[in-house]
Amino acid sequence: MIPEIDLYSDTATRPSAAMRKAMAEAEVGNEQAKEDPTTNRLQEMAAELLGKEDAVFVPSGTMCNAIAYRVHCEPGDEAICDKTCHVIHFEAGGPAALSGVMMRPLDGVRGIFTAEQLAAAIRRPRHHHPRSRLLSLEQTSMGGGGSVWPRHAIEEVSAVARKAGMAVHMDGARLMNAVVASNITAKVMAAPVDTLWLDLTKGLGCPVGAVLAGPKDFIERAWRFKHQFGGAMRQSGIIAAAGIYALKHNVERLDEDHVNAKALGEALGNVKGVKVDPGQIQTNIVFADISGTGWDGFELSKRLLSDGIRIGAFNATTMRALTHLDVTREQCLAAARAFETAVLEKRV
Ligand SMILES: *Cc1c(COP(=O)(O)O)cnc(C)c1O
């Protein structure tokens, strides 16, 4: 059953009529020979937007991380990131399986750690240590509830990493949410990091695709692993056109998603037994603590689905809702009302 109001993820969007039109009309060629004019254009746009020398179009964000880890690291290297990061929890062990990389989680607050924490974790170069090689930041932090890495903090941790000879990578799945929320350009936000990517399917409304950017030599190496991992495509302009459309039309409107997330969070927080930390909602993700309701998160999620509303359980006591361009403010509030009704059922 397709839910009427889908707050499970900001990937729960369908390409709009205008996006589909752009896709249908895309000029295409062989991507692998760099002869697909639409893919080339998207790559140029992304490189320009992110202030990097070059960029490459990739089928998914997960593959962007996989390629970046493979290019930056060798087996036995260590990547340092926050304990909540997507790479650790939701990429099927990719760094270990594909690059032989060890993950070193730091205990940040809402996904954000300090330069001091990083400095303390970086290992001194010794033959018997894994090599601390890569710093990976998530902007916004999904596990942190959509929190935004402040620009100065990115600068500080990057400086510490660079001094230790580490490369700095940004998982920018929701970079544009951070850009819109903090009113800083993507280029300025990305300046301290070596490589980064953004997901065209997270809140930007595309059916598929992500773009990975960095220095020329990095992107050249990235192409090798894009082939090796099976991410080289053919007439990819048909999907790249959606990305171009999204970057032109669906970025500024992310602010609406942020406003809706605040309204949704406030409504959920008013339900008896539910706790929402209003300071947590910086972008389009809402975490609601339901431990005071008697519900198990996965059961509550199932119950809501019977009302045509999908809100995921992040774990047994936390519900996670994401706003996006296919849900209106009214739908968010309707979902909150259904949520309240369901929660109250448990008490009778
Ligand atoms: C979704 C997500 C990814 C993976 O992107 P896909 O396009 O789903 O492969 C990586 N990192 C973060 C923070 C994400 O939210």
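**Exercise 1. Find the two domains and state how far apart their centres lie.**

Step 1. The chain is divided into domain 1 (16-249) and domain 2 (253-347), with bounds that come from an automatic or database domain assignment. Residues are numbered from 1 along each chain as its sequence is written, and side-chain values use heavy atoms, with hydrogens and water left out. The model is predicted: local features need pLDDT of at least 70, side-chain atom pairs count only at pLDDT 80 or more, and totals for chains, interfaces and linings use all residues.

Step 2. Between the C-alpha centres of domain 1 and domain 2 the distance is 29 Å.

**Exercise 2. Describe the area that domain 1 and domain 2 bury between them.**

Step 1. In contact (heavy atoms within 4.5 Å) are 19 residues of domain 1 and 16 residues of domain 2.

Step 2. The two domains bury about 1400 Å², 59% of it on carbon and sulfur atoms. Buried area is the accessible area (1.4 Å probe) that two parts lose on being put together, summed over both.

Step 3. Of the area that domain 1 buries against domain 2, 33% is supplied by Arg110, Gly145 and Asn177, more than by any other three residues.

**Exercise 3. Which residues form the salt bridge?**

Step 1. The rule (a side-chain nitrogen of Lys or Arg within 4 Å of a carboxyl oxygen of Asp or Glu) finds 1 salt bridge across the interface of domain 1 and domain 2.

Step 2. Arg110 forms a salt bridge with Asp277, and their closest N and O atoms are 2.5 Å apart.
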